There are 2 protein chains.
Amino acid sequence: MRDTPPVKPVEWVDGTLRILDQRQLPRAERYLSARTPEDVAEAIRVMAVRGAPLLGIAAAYGMALAARESNARDHGALIGDLERARQVLKGSRPTAANIGWAVDRVMAAAHRVTVDGTNGRAEPDAIRDAIAAEAGCIALEDEASCEAIGRLGSELLPEQGNVLTHCNTGALATGGLGTAQGVIVSAHRAGKRIHVWVDETRPVLQGARLTAWELQRHKVPMTLVPDSAAGTLMAKGRVDAVVVGADRIAENGDVANKLGTYQLAVLAAHHGVPFYVAAPFSTIDLDTPNGEAMVIEERDPREVTDPLGMPLAPEGTSAFNPAFDVTPANLITALVTDRGVIRPPFGPALKRLARRSSGRVQDSDIPTEVPA
Amino acid sequence: MRDTPPVKPVEWVDGTLRILDQRQLPRAERYLSARTPEDVAEAIRVMAVRGAPLLGIAAAYGMALAARESNARDHGALIGDLERARQVLKGSRPTAANIGWAVDRVMAAAHRVTVDGTNGRAEPDAIRDAIAAEAGCIALEDEASCEAIGRLGSELLPEQGNVLTHCNTGALATGGLGTAQGVIVSAHRAGKRIHVWVDETRPVLQGARLTAWELQRHKVPMTLVPDSAAGTLMAKGRVDAVVVGADRIAENGDVANKLGTYQLAVLAAHHGVPFYVAAPFSTIDLDTPNGEAMVIEERDPREVTDPLGMPLAPEGTSAFNPAFDVTPANLITALVTDRGVIRPPFGPALKRLARRSSGRVQDSDIPTEVPA
């Protein structure tokens with residue numbers, strides 16, 4: 001980053017994973033030290049670390065911790081330990097596609113060691129090294145993905161105008177500048193005069209706590225709003241685009257993202273406001289045909305009844321707290337991925353992009369489009 | 001109420017107005033004692049007392065306090081003091097129609113004393129009595145209004161189903177059982193199997209604090225949800241009707257109500273869910289042609305940045321906090337008033353109802369309709 005020291009929400013330090021505890025932000029900058037895959041899974045579950053791409057990175061490092069803590073002396077035993085870690089990490093949060101994508105990719109790297117040979121080293125050690133390298137590679141690739149998403153997406157935003165975003169999709173959610181927020185910050189850096197409406201994003205208030213904090217560090221003009229303000233802002237012509245991230249994108253382009261995304265998409269369509277979803281290709285799950293097939297995580301009702309951990313609703317109040325909802329593809333103006341910007345119908349376009357090599361964007365090959 | 005002792009959010013006790021401090025609910029049941037119109041205006045401003053119909057009642061009693069504290073010994077001086085109180089009370093919150101309606105009505109009662117004669121009593125004392133009587137009458141009429149609204153509105157709800165509501169529109173917001181919440185509780189009492197989705201209603205969380213509390217007292221099945229959940233609930237077919245209150249209804253049927261109401265109306269229309277607005281006729285302001293002409297109160301940004309009074313967003317975060325938004329008449333399925341249920345186009349129907357005598361409902365004369 002140009003204007004502020006970079007945020008490091010996860011960092012591999014001396015064989016442990018140092019995790020910025022995002023639950024404490026912006027009041028305090030505290031770190032957890034994860035030494036086992038169970039530590040990482042717990043940090044994911046309680047949302048000390050969150051954000052779909054970052055969850056992939058954290059889970060990959062969780063596999064590296066599993067390899068490191070394993071006493072296995074042969075290939076089979078180590079693979080067994082890794083398999084257990086994979087299940088623990090996959091079970092931590094069910095909706096984020098990136099977790100499964102990352103741990104599967106790390107496992108594939110482990111299996112490749114045997115196939116490719118170990119250059120005479122003990123097989124378990126070679127696997128440990130390969131896994132650590134793969135986790136680091138996933139983190140670096142996500143940084144590059146963010147850069148590509150930011151560059152491609154910023155072209156979609158007007159030279160001047162108001163952009164509404166939901167939840168947090170910045171450096172605290174990724175390995176780089178962010179997805180939806182990367183688009184916004186890139187546009188700002190490119191000299192576009194963008195003002196951001198930041199949805200506070202109840203119940204966990206990622207907008208109020210994290211996005212506000214990050215946008216201030218980037219000096220992007222912003223105003224915090226309750227999640228109920230989007231409709232009236234759009235009705236008054238005060239929203240020129242909505243940009244959000246994604247936790248899982250299905251084969252047909254349906255998007256699971258933070259609760260509230262779906263109703264923003266309906267509102268945007270009603271008011272003729274473009275609705276953009278920005279995500280790395282690792283969030284796209286071509287094995288999930290559509291939103292109907294997605295598992296939506298339900299979280300502790302106390303996140304709703306006890307805002308900021310303070311019991312507020314009367315004792316015994318039941319609450320419904322789905323962490324995500326599904327936005328059908330037909331409400332999405334464009335998907336901004338690191339491999340290109342695509343417009344509906346998304347199915348064929350996603351398949352086309354899937355054939356490209358991961359993490360590499362060829363400008364000549366990208367169907368970018370100018371904003372309407 | 002049948003099942004619980006009645007809530008008395010305002011009560012005239014020995015020449016003072018006892019106000020239940022709703023900011024403390026549901027954790028504590030504390031009361032303020034208002035002795036002057038300024039006390040009442042301040043209680044309104046800080047939302048110790050809130051809810052459009054109840055604001056009318058509180059403001060009327062505020063006028064009674066003004067008459068009581070005035071040392072005026074002649075008609076002109078007392079009217080002058082009352083006029084000052086009227087302005088103070090009218091300025092407390094600009095969007096609620098009921099405040100202006102109530103203080104105007106009290107002033108009219110004061111003026112009538114001179115016209116009608118005082119039966120030989122000192123004119124100021126006769127005016128004081130007339131004002132106290134008028135305030136009490138406004139409170140009693142609102143109780144009757146709620147009863148009529150509840151009875152008429154409950155017929156619109158299905159025998160069994162899920163109703164979503166926003167903010168608080170119960171006994172804590174009115175002089176009786178409530179408006180939108182009165183509809184829900186009446187349906188429940190009539191044996192309909194209604195489950196309520198209660199929007200928590202950020203930023204002041206009237207849903208989580210007040211509606212949850214009231215519905216539990218009435219034993220109406222309910223589930224608290226973040227305001228961002230309405231869209232996905234509707235998409236899954238889990239909302240059969242939306243019922244909300246109103247703070248001001250224009251001549252053409254446009255409705256100002258708690259922020260978030262407008263986007264609920266858009267979502268309801270998108271999903272084919274009926275959207276009902278319930279309010280006494282005193283909320284209808286035939287002098288306001290439409291929503292464009294309404295003043296929307298903007299409240300302290302700290303209600304957004306500092307949820308529950310705890311600084312959360314980073315220091316220096318600006319926030320936008322409109323207390324209300326405007327729902328255009330074309331998104332409203334029906335208005336449920338104490339004088340009848342009306343459907344679009346609302347303009348002519350509102351004019352027709354306006355000709356009926358206030359506070360009296362003639363069953364034979366009401367265009368009730370069965371639910372679709």
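**Close-up views of a predicted two-chain model**

**View 1. Helix 2 and helix 5 of chain B pack with axes that come within 9 Å.** In this predicted model, helix 2 of chain B covers residues 52–69 and helix 5 of chain B covers residues 123–154. Their axes cross at roughly 170 degrees. Angles over 145 degrees count as roughly antiparallel, so helix 2 of chain B is roughly antiparallel to helix 5 of chain B. The crossing of helix 2 of chain B past helix 5 of chain B is left-handed.

**View 2. Residues of helix 2 and helix 5 of chain B form the contact.** From helix 2 of chain B come B:P53, B:I57, B:A60, B:Y61, B:M63, B:A64, B:A67 and B:R68. Helix 5 of chain B contributes B:R128, B:I131, B:A132, B:A135, B:G136, B:I138, B:A139 and B:D142. Sorted by class, the contact between these helices of chain B has 12 nonpolar residues, three charged residues and one polar residue.

**View 3. Chain A superposes on chain B by a rotation of 180 degrees.** The shift along the rotation axis is 0.0 Å, and the RMSD is 0.0 Å. The two copies are therefore related as by a two-fold rotation axis. Both copies use the same surface, as 100% of the contact residues of chain A recur in chain B.

**View 4. Residues 359–372 of chain A have pLDDT under 50.** For this stretch of chain A the model has 25 contacts beyond four places in sequence. Where pLDDT is low, the predicted coordinates should not be read in detail. Chain A has a mean pLDDT of 93, with 93% of its residues at 70 or more. The model scores ipTM 0.94 and pTM 0.94.

Key
Residues numbered from 1 in each chain as written. Chains lettered and ligands numbered in written order. Predicted model: local features only at pLDDT ≥ 70, side-chain atom pairs only at ≥ 80, totals over all residues. Heavy atoms only, no water. pLDDT = per-residue confidence, 0-100. Contact = heavy atoms within 4.5 Å. Axes fitted to C-alpha atoms, helices over the stretch in contact; angles between N-to-C directions. Helix = DSSP H or I, 4+ residues; strand = E, 2+ residues; numbered from the N terminus. Parallel < 35°, antiparallel > 145°, perpendicular 65-115°, else oblique. Left-handed = near helix turned anticlockwise from the far one by under 90°. Nonpolar A, V, L, I, M, F, W, Y, C, P; charged D, E, K, R; others polar. Least-squares fit on C-alpha atoms with pLDDT ≥ 70 in both.
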